[in-house]
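Here are some notes for a colleague who is opening this structure for the first time. Please read them with the sequence and the model side by side.

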Amino acid sequence: MIKLSVIVPTLNDSLIRNVVERIQVELESLGPNQYKSEIIVVGKDDASRLANLSDIRFLDTGNPVGASEARNRGIHASTGGWLLFVDSDCLVQPGWATAMTERLAAGESVVGGGVTFPTEGYWPLVYNLSLFHEYLTSRERREMRYLPTLNLAVKRSVVDDVGLMDEMMKRGHDMDWTIRMAQAGYRLVFEPKAVVSHHPARTEFRTVWRDGIRGGYYNRLNRQKYDDYYQTPGILSRPWLVRLLSPLIALAVTGRIFLRTPGMLRFIPTAPGIYLTKVAWCVGASLQNEPGRI
């Protein structure tokens, strides 16, 4: 019998109880005959939102830790052969567990799921579309270059092979981790039927802009680290040129998102906001020192 370990990092997130309850419902839907399961939540829960929830393990980290360290601690504490990762602002949707386990049972070793989100609120919508347009449920199942950990399933044998997440990376550690998996020969498969609904805390321009800057900085480090894998353009080695050309780069990337992503045209009012997130990305990619925390 296969055991599933679901690992959720949290830092006093207000949605965490609902997140865990949704996961519990999904795991119960699999039935007890084929799978056993455990849910491990790692981080801080000062408001005791997880109090009285049965059948979970909460690992209090004492001091706040980064998401990569929290996930690594969860991996160390887990006992399952299949590891499923869900973020503390993501609500799994009906059929999530079935879709993930079916892909793994079919022989895949690394599976990322689809992302949906509420459409009310301009800046949360911009944030989600800017970051996760490649993982919309309107896309088909396919092999990816990298996968995000907000909705990811990995067989333990893969982790044993490539190692844990890089805890020195405050952002982009999932990109780094799954690229290492791809370079080790594992297929990174996107399964749009394994869906989470993402509810980000970034709900205003200021926080979305700052997140874009941090994302650009760490994304550039990843792209330079995996230069051959990405065929990284030489412009990223000239930070002053990235900043100078940021309006044009942002325009080109925004246009590509809307023209190449199925279903994106219905979100055309978000184009100016997405454009600004890509300008912020360019600003971050041009920085020589790590941007401050938000």
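1. Lys-193 is found in strand β9, and Lys-193 is exposed, with a relative accessible area of 60%; here buried means under 20% relative accessible area, exposed over 50%, and partly exposed in between, with a 1.4 Å probe and protein chains only. Lys-193 and Gln-93 are 100 residues apart in sequence, yet 9.3 Å apart in space, C-alpha to C-alpha.

2. A word on the basis of these notes: this is a predicted model, in which local features need pLDDT of at least 70 and side-chain atom pairs count only at pLDDT 80 or more, while totals for chains, interfaces and linings use all residues. Residues are numbered from 1 along each chain as its sequence is written, and side-chain values use heavy atoms, with hydrogens and water left out.

3. As for the overall build, the secondary structure of the protein chain comes to 11 helices and nine strands, these being DSSP runs numbered from the N terminus, with helices (H or I) of at least four residues and strands (E) of at least two. The radius of gyration of the protein chain is 19 Å, close to the 19 Å that the globule rule gives for 294 residues, so the chain is as compact as a globular protein of that length; the radius is taken over C-alpha atoms, and the rule is 2.2 Å times the number of residues to the power 0.38. Of the 294 residues, 54% count as buried, and among contacts between residues at least 6 apart in sequence, 76% join residues at least 24 apart.

4. Helix α4 deserves a careful look, since nine of its 11 residues are buried, so α4 is largely enclosed by the rest of the structure. The buried residues of α4 include Trp-123, Pro-124, Leu-125 and Phe-132, and what covers the buried residues of this helix includes β6 (110-116), β9 (188-198), α7 and α11 (271-285).

5. Turning to the aromatic rings, the count comes to seven aromatic pairs, where rings of Phe, Tyr and Trp (its six-membered ring) pair if their centres lie within 6.5 Å, and planes under 30 degrees apart count as stacked, over 60 as edge-to-face and the rest as tilted. The rings of Trp-123 and Phe-205 have their centres 5.2 Å apart and their planes at 55°, so this pair is tilted. Trp-123 lies in helix α4 (residues 122-132) and Phe-205 in helix α7 (residues 205-225), so the pair ties together parts that are 82 residues apart in sequence. The rings of Tyr-217 and Tyr-218, with centres 5.0 Å apart and planes at 85°, form an edge-to-face pair, and both of these tyrosines are buried. Tyr-122, Trp-123, Phe-205 and Trp-209 form one aromatic cluster, of which Phe-205 is partly exposed, with a relative accessible area of 36%.

6. Where in the chain is Ser-78 found? Ser-78 sits in the loop between α2 (67-77) and β4 (82-86), and it is buried, with a relative accessible area of 8%. Leaving aside residues up to four places away in sequence, Ser-78 touches Ser-5, Ile-7, Glu-38, Ile-40, Leu-83 and Arg-156. Arg-156 is 78 residues from Ser-78 along the chain, and the C-alpha atoms of these two residues are separated by 9.9 Å.

Notes:
Contact = heavy atoms within 4.5 Å.
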